[in-house]
Amino acid sequence: MSLSANFQRHLDAEMVLNDWQRDEAHRLRYAVYCQERGYEDPADFPDGMERDEFDANAVQALIRHRASDQVAGVVRLVLPDHANPENPLPIELHCGDTIDHAVLDKFQFSRSRIAEVSRFAVSNRFINGSGAGNTPAADDPSRYFPHISLGLIAMLFVASAHHQLTHWYAVMEPTLSRLLSRSGIDFTPIGPVTNYHGRRQPMIASINDLLVNIYHKRHDFFSLIEELGGIPANFAADMQARDQVREDVRLSKLG
């Protein structure tokens, strides 16, 4: 079964559009960031919902397990402030003094078209089975971990296409960056590793470059992004046309 078919069979991907979904997102963030990982102090969130000042200008997405109706993963995209594009994103507040602008300037992005990926969280409680509800014994939640993570990333592309973004910031573990690169998700470091929720490194990526890499390295993942609505208009057709040109050139050299 293909990645997309397997994903669609067991999971749902949702943009957070209402208060009910928003509460689910914040409760899962509390479970992961406060209880499981200890990144935030639970005492700061007595209602059991983790929030911060950037949520007011952000979009979130959820991955839901169909059989149990449990939320298994959440991710947030902090959007640029169009009223004041110079307002800093979280990465600029936490890592601004260490960012290498010689590297950053090579990306030539507009501040109104860059957003920051954050609060990427997959529930250990769900993966370990204690949060999967009354699912059949054969329906092992741990099997879905790669699908949940890829689904969250796919939803970042969906949100980015909707908001016409061109670049992402992220602050991530170097090991996670290397792991993501296997699927064509190649971020460029723009500063040294720092201590922020553990060992993290500020990074940047061009969304278009990511899609090109994924198209060539993980076409099954590209298909999932496309089915969820994260591929800009004409992108897939343009890539197919380029592939055809390359194949024509190759055949002409052989002939």
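The questions below concern helices, strands, cores and salt bridges in turn.

Q: What kind of model is this, and how are residues numbered?
A: This is a predicted model, in which local features need pLDDT of at least 70 and side-chain atom pairs count only at pLDDT 80 or more, whereas totals for chains, interfaces and linings use all residues. Residues are numbered from 1 along each chain as its sequence is written, and side-chain values use heavy atoms, with hydrogens and water left out.

Q: What span is expected of helix α6, and what span does the helix reach?
A: Helices (H or I, at least four residues) and strands (E, at least two) are DSSP runs, numbered from the N terminus. Helix α6 covers residues 145-163, 19 residues in total. The expected span is 1.5 Å times one less than the number of residues, here 27 Å. From first C-alpha to last, α6 reaches 27 Å, which is close to that expectation. The helix is followed by Q164, whose phi is positive, near 55°.

Q: What makes α6 mostly covered?
A: A residue is buried at under 20% relative accessible area, exposed at over 50%, and partly exposed in between (1.4 Å probe, protein chains only). By this criterion 14 of the 19 residues of α6 are buried.

Q: How do you know that both faces of β5 are covered?
A: In a regular strand the side chains alternate between the two faces of the sheet. In β5, H167, Y169 and V171 lie on one side and W168, A170 and M172 on the other, and all of them are buried. Six of the six residues in this strand, 167-172, are therefore counted as buried under the cut-off already given.

Q: Why are β4 and β5 said to pair, and in which sense?
A: Two strands pair if DSSP finds at least two bridges between them. Strand β4 (residues 114-122) and β5 have four bridges, in the parallel sense; E116 has Y169 as its bridge partner in β5. With β8 (residues 199-206), β5 pairs in the antiparallel sense over six bridges, and V171 stands opposite P202 there.

Q: Why are the buried residues of α7 placed on the same side of the helix?
A: In α7 (residues 174-181), P174, S177 and L180 are buried. They cover an arc of only 120° around the axis, which puts them on the same side of α7; the arc is that of the directions from the helix axis to the C-beta atoms. What covers the buried residues of α7 includes α6, β5 and β8.

Q: What makes a group of residues a nonpolar core, and which members of the largest one touch the most others?
A: A nonpolar core is a set of buried Ala, Val, Leu, Ile, Met, Phe, Trp, Tyr and Cys residues joined through side-chain atoms within 4.5 Å. The largest has 49 residues, of which L77, I148, F157, W168 and F221 touch the most other members. Its largest share, ten residues, comes from α6. A second, separate core of 14 residues includes F54, L104, I190 and I204.

Q: With which residues is L77 in contact, leaving aside its neighbours within four places in sequence?
A: Contact means heavy atoms within 4.5 Å. Among the residues in contact with L77 are V59, V117, L156, L165 and W168.

Q: Why is D69 called partly exposed, but Q108 exposed?
A: D69 has 44% relative accessibility and so counts as partly exposed, while Q108, at 72%, counts as exposed. D69 lies in the loop between β2 (58-65) and β3 (70-78), and Q108 in the loop between α4 (101-104) and β4.

Q: How do you know that R64 and E24 form a salt bridge?
A: A salt bridge is a side-chain nitrogen of Lys or Arg within 4 Å of a carboxyl oxygen of Asp or Glu. For R64 and E24 the N to O value is 2.7 Å, so the pair qualifies. R64 lies in strand β2 and E24 in helix α2 (residues 19-36), so the pair ties together parts that are 40 residues apart in sequence. R64 is buried, and so is E24.

Q: Which salt bridges does R119 form?
A: R119 forms one with E40, the closest N and O atoms being 3.5 Å apart, and one with D52, at 3.4 Å. R119 is buried, at 7% relative accessible area, whereas D52, at 22%, counts as partly exposed. R29, E40, E50, D52, D55, R76 and R119 are linked in a network of salt bridges.
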